[in-house]
Amino acid sequence: SAVSGITGGPTRVNVKVVDLSNDGEWLWTRNTFLNRKYVMQAMYQNYIEDEEWDLPRDKDPFCEETEVEVSLGCVHVYLQSLGYFIEIEETLAINDYKGREQGHLQVEMFPCDKSGIAYVSDDDMFIEDPDELLGKRMDFLLRIKAAKGLPLRYTRDVYCSFKFQGKGENMQTNKVSNTANPIFDFETHITVNPVTEEFVTYIMSQPLVIECWGKQNNAKINA
């Protein structure tokens, strides 16, 4: 879907909701929208029949809470360099579902040994053909250092999440608040053992998608 930056697969339809009193924005899934639509219709029916129609805020289908996490956007980290045991050091644009730039994310990936010590150029680990990795163990570090220039509205409980192929559930950074330039200093050691043809195809043709999330904050913050 365009929201998560994932290409291919079924299309996911979302509904954009805007609070005109404070310009807050949310994206509702199709199911969320339909469930709320039914409640809205019931409220309207009760209203025109002069019956009790108003609902408390926690049940009001027109209300959304600021505690709801929203997607700021995502970055695409292309992994081909790993296939040659070359490090990746990038500052990448965070783009929302419309392709609008929402800031930048600093990402690093380094081939490393079993203990998590990154290789350096003197180690001469470069390989000429990614197929040389087949059947072997591969270790690398993924670092999400910091984000810069985030929209001031989305600076509460900001974090990044991603799912690396074959590694089960999503991994995520710590949450940072009250700054448009959050520092995550996140690092994880990823091991692939053994490297398969499927994995080689993945790193040579598919990007790692890192999603950025946060909560809307109308309070004054530090830029």
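Before the details, please keep in mind that the model is predicted.

I'll start with strand 7, which covers residues 156–162. How many of its 7 residues are buried? The count is 6, so strand 7 is largely enclosed by the rest of the structure. It has two pairings to go through. With strand 10, residues 207–215, strand 7 pairs in the antiparallel sense, and 5 bridges are found there.

Next, the salt bridges. Over the whole structure, the search finds 7. I'll go through three of them.

Take Arg143 and Glu108, whose side chains meet in a salt bridge at 3.7 Å, N to O. Arg143 belongs to strand 6 and Glu108 to strand 5, so this pair ties together parts that are 35 residues apart in sequence. Is Glu108 buried or exposed? Its relative accessible area is 10%, and because the cut-off for buried is under 20%, Glu108 counts as buried.

Arg143 also meets the side chain of Glu187 in a salt bridge, here at 2.7 Å, N to O. This links distant parts of the chain, with Glu187 in strand 9, residues 183–192, and Arg143 in strand 6, 44 residues apart. Glu187 has a relative accessible area of 46%, so the residue is classed as partly exposed. Put together, Glu108, Arg143 and Glu187 are linked in a network of salt bridges.

At a relative accessible area of 14%, Phe186 is buried. The C-alpha atoms of Phe186 and Arg143 are separated by 5.5 Å, while the two residues are 43 apart along the chain.

On accessibility, Asp185 is exposed at 55%, and Lys145 is partly exposed at 27%.

Last, the loop between strand 5, residues 101–111, and strand 6, residues 138–148, which is where Asp131 is placed. Asp131 has 45% relative accessibility and so counts as partly exposed. Which residues form the negative surface patch? They are Glu128, Asp129, Asp131, Glu132 and Glu197.

Ser121 is also in the loop between strand 5 and strand 6. With 69% relative accessibility, Ser121 counts as exposed. The C-alpha atoms of Ser121 and Glu87 are 9.7 Å apart, and 34 residues separate the two along the chain.

Arg143 is part of a salt-bridge network with Glu108 and Glu187. Asp131 in the loop between strands 5 and 6 is one of the residues in the negative surface patch.

How values were computed: Residues numbered from 1 in each chain as written. Predicted model: local features only at pLDDT ≥ 70, side-chain atom pairs only at ≥ 80, totals over all residues. Heavy atoms only, no water. Patch = residues over 30% accessible without salt bridge, like charges linked within 9 Å, V, L, I, M, F, W, Y side chains within 5 Å. Areas by Shrake-Rupley, 256 points an atom, 1.4 Å probe, with all protein chains shown as cover. Salt bridge = Lys/Arg side-chain N within 4 Å of Asp/Glu carboxyl O. Lys, Arg positive; Asp, Glu negative; His and termini not counted. Charge placed at Lys NZ, Arg CZ, Asp CG, Glu CD. Helix = DSSP H or I, 4+ residues; strand = E, 2+ residues; numbered from the N terminus. Buried < 20%, exposed > 50% of the residue type's maximum accessible area, 1.4 Å probe, protein only. Pairing = 2+ DSSP bridges.
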